[in-house]
Each structure stands twice: as structure tokens, then as C-alpha cells.
4 protein chains.
Amino acid sequence: MFSNDYLSGCHPIVLDAIVQSNMEQTAGYGKDDYCERARLKIKEKLQKKDADIHFLVGGTQTNKIVIETFLRPYQGVIAVETGHIATHETGAIEATGHKVLTIPEINGKLTAKQLEAYYEAECHNHMHEHMVSPGMVYISHPTELGTVYTREELKAIYEVCQKAGWPLFVDGARLGYVLNERISDITLADLAKYTDAFYIGGTKCGAMMGEAAVIMNPHYQKDFRSMIKRGGGLLAKGRLLGIQFDCLFSDHLYEDICYEAVRYALQIKKAFEEKGIQFLVDSTTNQQFPIVPDELAKELQLAFGFSLWEKVDEKNTALRYCTSWATTPNEVLELIGFIHSL
Amino acid sequence: MFSNDYLSGCHPIVLDAIVQSNMEQTAGYGKDDYCERARLKIKEKLQKKDADIHFLVGGTQTNKIVIETFLRPYQGVIAVETGHIATHETGAIEATGHKVLTIPEINGKLTAKQLEAYYEAECHNHMHEHMVSPGMVYISHPTELGTVYTREELKAIYEVCQKAGWPLFVDGARLGYVLNERISDITLADLAKYTDAFYIGGTKCGAMMGEAAVIMNPHYQKDFRSMIKRGGGLLAKGRLLGIQFDCLFSDHLYEDICYEAVRYALQIKKAFEEKGIQFLVDSTTNQQFPIVPDELAKELQLAFGFSLWEKVDEKNTALRYCTSWATTPNEVLELIGFIHSL
Amino acid sequence: MFSNDYLSGCHPIVLDAIVQSNMEQTAGYGKDDYCERARLKIKEKLQKKDADIHFLVGGTQTNKIVIETFLRPYQGVIAVETGHIATHETGAIEATGHKVLTIPEINGKLTAKQLEAYYEAECHNHMHEHMVSPGMVYISHPTELGTVYTREELKAIYEVCQKAGWPLFVDGARLGYVLNERISDITLADLAKYTDAFYIGGTKCGAMMGEAAVIMNPHYQKDFRSMIKRGGGLLAKGRLLGIQFDCLFSDHLYEDICYEAVRYALQIKKAFEEKGIQFLVDSTTNQQFPIVPDELAKELQLAFGFSLWEKVDEKNTALRYCTSWATTPNEVLELIGFIHSL
Amino acid sequence: MFSNDYLSGCHPIVLDAIVQSNMEQTAGYGKDDYCERARLKIKEKLQKKDADIHFLVGGTQTNKIVIETFLRPYQGVIAVETGHIATHETGAIEATGHKVLTIPEINGKLTAKQLEAYYEAECHNHMHEHMVSPGMVYISHPTELGTVYTREELKAIYEVCQKAGWPLFVDGARLGYVLNERISDITLADLAKYTDAFYIGGTKCGAMMGEAAVIMNPHYQKDFRSMIKRGGGLLAKGRLLGIQFDCLFSDHLYEDICYEAVRYALQIKKAFEEKGIQFLVDSTTNQQFPIVPDELAKELQLAFGFSLWEKVDEKNTALRYCTSWATTPNEVLELIGFIHSL
């Protein structure tokens, strides 16, 4: 129930749009009107007309295709050690010939300071041609640990990237969960301004499946569709993705349903806090990582779903509770009641 | 209207199943009950319990992941020159480090005789280690040109493959359109028997999207899920694919809706024939390739959709008319009337 | 004896230089004075100070590293069907993720007209993103069949390349054999002017091993050493290559020893011609391809080495006779005598 | 002078053999008698007739080709963080599509205990298909830090590998420096027994260039030459490598000249120790890593070559002093005198 944010299908409004359009006949591969309409709606929020927007099916696919597009063969991508591309993509990045150059995470995040130091070291690296050269930077917002960047932090990272000549790519698999000023001051327009590319996650944020890749840097826009096709990511009935993003970007649906999920997550967080339970990090989004004694973990397991995140020490384990647009008030109330009763 | 077989969404029965299950919560990545049920139904038709069945999103993805699984790094895949992997996948196979070794097609097909000759030549190739070694064989059934293999032909190809030590992989993007004894005597059980792997196409045969890869050779079954994930093909909400194949493989839906489409295609074929129009090949499936004078092509364009296939000579062009499960009797009647009126 | 042009070690002058310098201690990886001196001598002949010159060990290595440097992931390299990269490199190009896009050869050569037609077709290719895009052009001078380009032909090819935005790369594995105005009017300075990169072959032209890659297009010069290292082509004792090219580019050694070999080859050609024997192509360089009845081939085999090139028909085979800097007048006389005696 | 072990050409005996054979004509690509003779001599030392031995030009090349041969696409290679493939090969391994899975080094070495723990974790990894699977193990003997394995340690590692189904590959770029019982009890026969493959380094151990890859596991012997050609590592005049290994494996030349170098290194080590200087690790081979104050480093720089290895802290730096077969007694005496005078 709380084990991840892709347990259910899609938001009913999205589903309805798919159903309504089912028998229509449209051009394939994302060249239909639905995709075009979705692109226009997204561009409006980006406040950039020259954004290049493509709909792909999943996150690993999107990450690998963008990264392969951005790097020269001898370059690698900088990411934190907990970055999705560094851990849970079965070597999809290496499959494209590139190393993931990892930096220790700080609350799941990369800092401009770390990046600056990396850049300085690289400038004086006398082994340059014997080593993988950093060629771009990858961060997630929110991070794998549910933490968020501020606009200042993003801007600072982007500035180092600009100086170093490294394009910046933001993985937004859960972007919906931070598009509210109470959670992060970074808007879609900021992402358009301070990145070279990012993606707007659909799969975990109300869609059946699908991610919208936004390529801002014109240098990488050319023939990106060829990259998608080669990478096995060009959906024949591309309109399915366009329809979903068209819905999600109408009437603030995307932001609203995700923010609701965050509110639930913060209620759960509070319930654990009131029991004196510590957290792995101070997450303010839809993922919460309470650290509980192993016995308590077993007890919790009897009642509600969660993910085992990692053993923290001999006797304690960090759990992950995840809410989504599909989480109901009753589910949350029940869980909170159970926590109080422990 | 007749330009391709992925113009519409999915068959209403499939859609209904997706709608009904939308709010259920299930495990991700194909580990849900719907996928399991679909696997069982397919296995029943295969008459093989040890088949390894995986649901992927699209055809290019499926082709590249299976082929990369089957080949050693220095090997290539044998295909006819018109094979989908040789022409229309933007180098997806080469992206995995492998060459497509092409052989001229005969009515879109590869023959056992050609393959035997290729094998003989390879056995006496004194440049062996300077050349890409053939490592597997890829055919499509039906072919890109709508032609079909007979069981004898398939068996003969498989026998050469067995002798040569080359696994045989059949691309079944349009498999539904040949699963009827009036079209081809090859059954699913035959495919299970005479191939090392094949896939059952969903995207072009009634599903919203999705292909069912069937790995028969146990040698390649191990860790195929890791290959899918690495290739960007593991759908988070994998059940979406399972639900669709569960429907399609209930009550002969898959075979029935596709056969209906073939019947329409043959009616269109007949109408062209009655006008004395020749065809690129003698297709007996849902794709028909009449060769028409360029002026006539323009006239046809005013009324109904089709694809421009290829210029045959200075003055004539081969067109492709495609039917699908979504084609209606009225559309066909109208087109036939138009042809008669020419 | 005439089976190929890499039977012997290296020219005695080159050997002597290696011996003389053996106990010197120099920096590794091509950063020594010998390499620098060789680069300067080559640049002088190129009449270009901004050429970027790198010494690699072998041809396949050089081809694969240059091609991977020039292409974007979704692009392929245009070559004739008999091109070395298309036939005899065991998929080294595909190993870097790229398709070799072949065009039929005309006397082993590619023509500007063919290339123009390819470009035109590409401009109107409505399947663009579903197909590998041509991204560069590869030719060999002399070709695999010993034929040569003229300056006009090279210039015309380069002009199409410029228009199409395709860098031009010339494989010069046997370049020494054409650097004489009696054979081809293309000079090293012309290659510097009308290509984006080329390589000067050492292995088959007097060196023990080694090829000098010349990158003219500044866009691809950056970090080429990283590409070499990644491709496994950066020789630790790089000076070994520099010493050899330093020798070969002193006192016209490179051109002179190769031209001598061509003169021998033309004598052998004349002897066959006088016997009324036909040739596969009209080669004017160190490789000659007489077509002889199979029985005669057996007879020739008793006396001198050659390569079996290809069966021309049921009863005749094309042979390859190859001379090199190491061929002696006596060997040639003996062979000619034998031919006359047939 | 002491900055690395590839400053000079090759041992005079090796050079002489190259000179003597220069004008001979032999088959190419390692199919000559010299290579065959060298293979026999090596096999004798291995006490294994079924070893498969190939001569390649350099270490990075050898590592990447062996590793690509051993792994399935979704697998990675386990190595310590200081492993050459993890640091100084510009992503050559990633270029073949594989991740290097790093484990912290203990004195430059990997322990069986670490490996056992890694294996245990992998066995219980519920994220298996979302992560790169370990597929083989890479160690260096001696290590990058000059430390050595004992036979017991090697055997213990091999046993874990056997249990886990991971082939073991030993990088022997400096193998000559440990083939003496006073340094390590591991013999060539032990390597043949307790590994799936290893290579005998020539470049740093008396040869001009060249490494002898020894494939013990029959499963990987098939078509290894195709892998070499594809990887750009098949030298046209392959005999050059055979001649060198033939010499090096006659009359204990390989072992003797390397042991001499180690003796010099240990004298240098002792001189530093007598000055109370600490070392980065306790190396017993031809590389020594004294940690000296930065000012002293500057002083040393005036007199003799060395490599700056790494900053140890604000004020101290680890240097690398390297001896080789080319080091002379006088050079060593002079350096020692200088150290004493500090």
C-alpha cells in the first residue's frame, strides 16, 4: 500500500481521456495532435518556446538516451553514489559506453561546492587522458531519498556546470511531488532556465506510464528522435503519452494530485516523529524513511506495505513509506492510528 | 485509415480490462498476477511449460534485447535485406555492438537453401577471424512484405540453424495476422518447437502496446530480466502488459480480431486484382502492396490513407494498404467501391 | 613471397634507428621528442601547422577510433562494399555502436556522383528517424583493390561531404604506394586540404608497425588522445612509432621504397598481360589481381606465394600478388620468368 | 630515471632477436613459428598443454578484450578501487558496455573474505535484476601498489570465484617482478591452476611491447582471436611479439632481469627506511612509494626522476620510484648516495 508509487494504474481523469480517444486514428510515433497539445501546455509552464519536448515510456530509457546524447565517447556522467543511474539501472548507462563518476551524497544531494572541487581537481589532473573525463552532471529532484534542491542550490550547480562546460540533466521521475512552493521554490520555468535537459515524470505521478524529456540546450536537440528510436524508446502509438501529459498539464492536475500525496506523507512522518522515531534523512516529499528497530519493522509489516530500504546497523532498519496520487485518506488514517498504537 | 496498423488505441475488450483494474494495487515490473495469468495462457497454446515469457513495450526494444542476449560480442545476426532490424530500427542492433549480416530476400523471406549456402561458405571461410561470424538467424513471420512461412519452411530453416549452432529468433510483430490455418500452418506450438525465441506482437494486433517475448532455449533464459532492465524495457507497471495479453489470449480474441483484418485485406486485394493491378509480392495477410501508376496514386490519396512503400520504376509506385482489428466493414466497402470506380 | 605486404620486419634504416635509440630513456605515450620530430616532418609535407597527428599501432584500431570520434551515436559511416571496415575488421566499427552504410564499389572506388545521389535520397527520406543517418564518409586511397583516386575525384567527394555535413576520412594503410605523381596526383598536402582526417600507413609501407592518424578538422582534435587510450591504442613506449615515422619521413624514404615496390608490381602485371591474362581491376599500385584458370592457380602456387582473392566463376580465380619495400629484384625476375614459361 | 618502467626500449637480447629475424618472411597475425615456439615455452612453465595463448600489444587492450569475452552484457567486473581498469584506462571497460564494480583495496589487494561477503550479499540481493550482476573478478599481481599475493591468498580467492561462478582474471602487467620465490610463492603453474585467465606482461618487463594473454578456461578459448581482431588488438606482424616472448622465456631471461630490478628497488627502499621515511604500503617489488615532506620532494626532483603518486596530507606526498630491467647499478648507487646525504 505504501511500498512504492507505481502500484496503481493512472489517475481517473487520465484514464478517461485514454478511453475517450481509443478509437480515434492518429499518426504514430508522437507526431499526433495530442502530443503537440501536451508540448504546448508544458512549454507554457516553462516559459520557453524553444524547448524540445519528447515523450518516452520509462525513466531508465530516458536517462540512458539523454546521457548518451550529451556525452562524447570518452566522457562520463557525474552523479551522487545514491543516484538512480549509479545503482538501480542494471548498467544501462555503461551499456552506452559511459562510466558513472560518483561523488558521495549529502542528504541525497550533490552540492555546488563538491562539484567545484571536482572541477578544480580535473583542471589539474595530469592523468587526464588516462582517465574518464567528466562530461555532464546528473541530479534528481527530488532525490532518491526524497530531499529537494532549492533554486539557489540548483542555480549554483548550474553555474559550475556552465564554467566547466558540463551540461546539467535533472531526473524528475518524481518531479510532481516538488512542484509546490511549500516544498521547493524551483518552478518548471526555473528548470528550463538552469538545466540543459530534465524530465517530467509521469509513471510515478499520475500517468499510466510515460516521461516527458525536455531538451533545453539547442546543441542536443537535433535528431533526438533518432536517438530515441535507436534506444528502443519510440512508442508506436505515441499519442498515448501525449494524451496523458495533456491531461496532467490541464488545470494543475499534475501538481495538485502530487501535492496531496505529499501532505499524506508528511502526516505519516509526523506520526513517526511523535513516537520519537528518527529518519534516514529529512524528506519533505512523498517518500519517508523512518529508522525502526527490526522487531518493530516486523510488526509494521503485518499491517501495511512498505519497502525495506537498508540496514542501518545491527538492530535497526530504514524503511520507505511512499504515498502517491492513489493514496486515500483512509489508508493514511489507518496507518497513523497503527503507529500511534505501537 | 489504411496507412498502418497502429492508428487506433486497443481493442475495446482490452481497454475494458485496463479500466476495470485501474485502481488495483499490484507488484511492479511484471511480477503481478495478471502477467502470471497471461503467461500461463500463452504457455498452454505453446504446449510447453518451460517457456520463459516476458512482456516488453515495443518491437525494436524486444529485437535488440533478444539479439544482444543471443550473440557473443564478435558475432552478427543473419537477416534478409528487408528485415526490420536491417532497415528501420535506426541502428538499434549496431548500438549493442553487432552487425546485421544481410542476405537478399525472396518474397520477403529467407530460405533454408540460402542459409545452408551461407553456412557452407562460413565453414570454409579462411578469413574467419577477420570477419563478423554469423551467430544467430532472425526472420519475421509474417514478413515485412506480408508474406508467410510454411511449417516445412520454418522447420527447414531451424534444422540448418541447429546444424550451424545458430539460435533462431522469429519477429512476430504481426504474428496475430498469421495464426489461422487458412493463412499459415504454423501454430504457436510450432514456433515453440522450431525456434529458440520469438515474440508475439501486441502493438499491431489489438493491444495498446506490448510484445510478449518467448525464450524457448533454456541457455538464454537465465537473467533475461536483467537484460530487459538494462535495455530500458522493464515497464514499472508491468501489469498493464499482462492484462492486455491475458485478454488477447482469452477466447481466441487475438487470433479472431486479426483474422478479420486479413479478410478485409484480401477483399481489397481482390478489388485491385480485378482492375488488373499487379502487386509487389503475393501477400496473404493484412498488408497489401499494389503497384499503381503515379497518377493513380495521387487519386487514391484523395480518398483513403495508405503508405507510399517504394518507387518501382519511373512511373509506378508500390503502395501499402494495411488493415487491422480496428478496420470496419464500411471503410473496406467504401475503399473497394472507390477502386471499382477508377 | 607475394602473398601480402607485411611478411617482413621493417626497412633496415628504420630498424637501425630503433636499435640506436634502444637504451635511451624517454617519456611515454607519444610525448617524447621522436614523436614530436616526426610530427613536424609530416606537418611540413602537409603544409599545415594545425594538423593534429597521433601515432597508433594498427589500422583497425585507427579506423575504429577515428570513426567513433566523428559520429554521433545514431549515425553510420558510408563506405563501399569492399571497404576494409565493411568486410575485414570483425565488426570493430559495429562494436562502437555504428552501422557501416555500404554503397557498391566502382573499381574499388566511391564516386562523388554516388555520394551525391545518397545525399539527395537522405534529404527526402521520410523515414529519417527510423533509419541510421549517414554521418561521415570513409574511403581508402589506394583502395582495397589497388586502384587510386585522382585529385579531382577526391575534391569532388570532399565537396559533397562539405555540402552534406559529413566529415571525410581516408584510410591510407597503403598510402606510401600512391605518393608518386606517376601513380596519383594526390599529395599529402591535398589530403590535408580535402579531408577531415586520414592516416598514413606504416605497417605495410616500411615500418615494423604503426599508423599516423592526421586529424585536420579542429572540431575533432580535442581529447583525441583520450579516445586512443579508451580504444586500447595508446602505446606505452610511443616513441617506437615516432622513431619509425621520423625515419620514413626523412629523405623521401617512405615514398621511395614504396614506389620501388610499385615498379615491381607493374612489371609483374605486364608479364601476366603479355600472357593474355585479364585482371579483376586495372590496379596501378603494389597489389595486382590476375584472373587465372584454377589449374594455373595450382601451378603458380608451387612456385611463389600469393593470396587467393575470390572465385570469379566456376573455373577461374582472382589471385592477389603483392609487392612491398622488401621485395627484391631477383624475386620479381624469377616470378616473371615463371610466368613467361607458362 | 625512476619515474616508470617503460622508459627504455627492450632488453638487448630481445632487440638482437628482432634484428636477426628482420628480413625473414613469415605468416601474419600470430600464425608464425616464433609465436608457436613462444607458446610452447610458456606452456611448459604453466605445465598445461591446453592453455590458449595469444600475444597482444598492450595492457589496456588485453584487459578490455578478456573482460568483454568473460562477461554477459548485464554483468560487471569486480576490482579493487585502485585497480588499473577502475582508474587509468579512460573507460575502456565501460566502452565494452560493462561496469567496474569496486571494492576498497587492502594494501592494494582484494581479499577472499571481502569477495565472500560480496557474494553473500549478492545471493540475497532482492534488487538483483535492477543492478549490475557481478560476473567475474579482476586482480593484479603484483598490484598497482607493488604488493603481492601469496599462493594461499590466490587459491582462496579462486575458491570463492568457483563457488560464485565468477571467472578469475589476473592482470600481470608486471608479472616478471614477482616470479621469484623470495618475492611470492605463486608460480606460473599456480596461475594456470588458480585462474581462468591471466596475462604475462612484456611491455614493463623487458619487451619492446606486448603481453601474453593466457586463457585457461576452455569455455572462453573459442574464437578468442575474433575478439582480439574486433578489439583492434591483432598485430599484423604478430611474430614481433612471438620473437620477444620466445627470448624472454629462454634461459630464465624474463625472471632474471626482473628480479635484478626488484633487488635495486629494495636497496632504494632500505635507503629511505634508514632515513626514517615511511611508505604508502610495504611493497616488495619494483615499485616503492616513500612518503616525503613536499619540500623534500622538490629536492629529490632536482636529481632523479620519479612519479608524484598522491598527496597524503597537506604537507606530505607519496612518490613512486620504479626500477626496471634497464636500471643500472650506478643509477641506484647515485640515488642511494643522494638519499643518505639528505
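1. Across the interface of chain B and chain A there are 24 residue pairs in polar contact, both residues being at pLDDT 80 or more, where a polar contact is a pair of N or O atoms within 3.5 Å, and, within protein, one atom must be able to donate a hydrogen and the other to accept it, while residues adjacent in sequence count only if both atoms are side-chain atoms. The side of chain B that touches chain A divides into 20 nonpolar, 15 polar and eight charged residues; Ala, Val, Leu, Ile, Met, Phe, Trp, Tyr, Cys and Pro count as nonpolar, Asp, Glu, Lys and Arg as charged, and the others, Gly among them, as polar.

2. A word on the basis of these values. This is a predicted model, in which local features need pLDDT of at least 70 and side-chain atom pairs count only at pLDDT 80 or more, whereas totals for chains, interfaces and linings use all residues. Residues are numbered from 1 along each chain as its sequence is written, chains are lettered from A and ligands numbered from 1 in the order in which they are written, and side-chain values use heavy atoms, with hydrogens and water left out.

3. Chain B places 43 residues in contact with 43 residues of chain A, contact meaning heavy atoms within 4.5 Å. Between them, chain B and chain A bury about 3,800 Å², with 57% of it on carbon and sulfur atoms; buried area is the accessible area (1.4 Å probe) that two parts lose on being put together, summed over both. Gln25(B), Arg230(B) and Lys237(B) supply 18% of the area that chain B buries against chain A, more than any other three residues.

4. Chain C also meets chain A, with 20 residues of chain C in contact with 20 residues of chain A. About 1,900 Å² is buried between chain C and chain A, 48% of it on carbon and sulfur atoms, and Tyr74(C), Glu129(C) and His130(C) supply 34% of the area that chain C buries against chain A, more than any other three residues.

5. Four salt bridges are found across the interface of chain C and chain A. Lys31(C) forms a salt bridge with Glu129(A), and the closest N and O atoms are 3.6 Å apart. Twelve residue pairs are in polar contact between chain C and chain A, both residues being at pLDDT 80 or more. H8(C) gives the most to the side of chain C that touches chain A, with five residues, helices here being DSSP runs (H or I, at least four residues) and strands likewise (E, at least two), numbered from the N terminus.

6. Within chain A, the division is into domain 1 (12-248) and domain 2 (253-341), with bounds from an automatic or database domain assignment. The C-alpha centres of domain 1 of chain A and domain 2 of chain A lie 27 Å apart, and the contact takes 27 residues from domain 1 of chain A and 22 residues from domain 2 of chain A. The area buried between domain 1 of chain A and domain 2 of chain A is about 2,000 Å², and carbon and sulfur atoms give 63% of it.

7. One salt bridge is found across the interface of domain 1 of chain A and domain 2 of chain A. Glu255(A) forms a salt bridge with Lys45(A), the closest N and O atoms being 2.7 Å apart.

Definitions and conventions: Salt bridge = Lys/Arg side-chain N within 4 Å of Asp/Glu carboxyl O.
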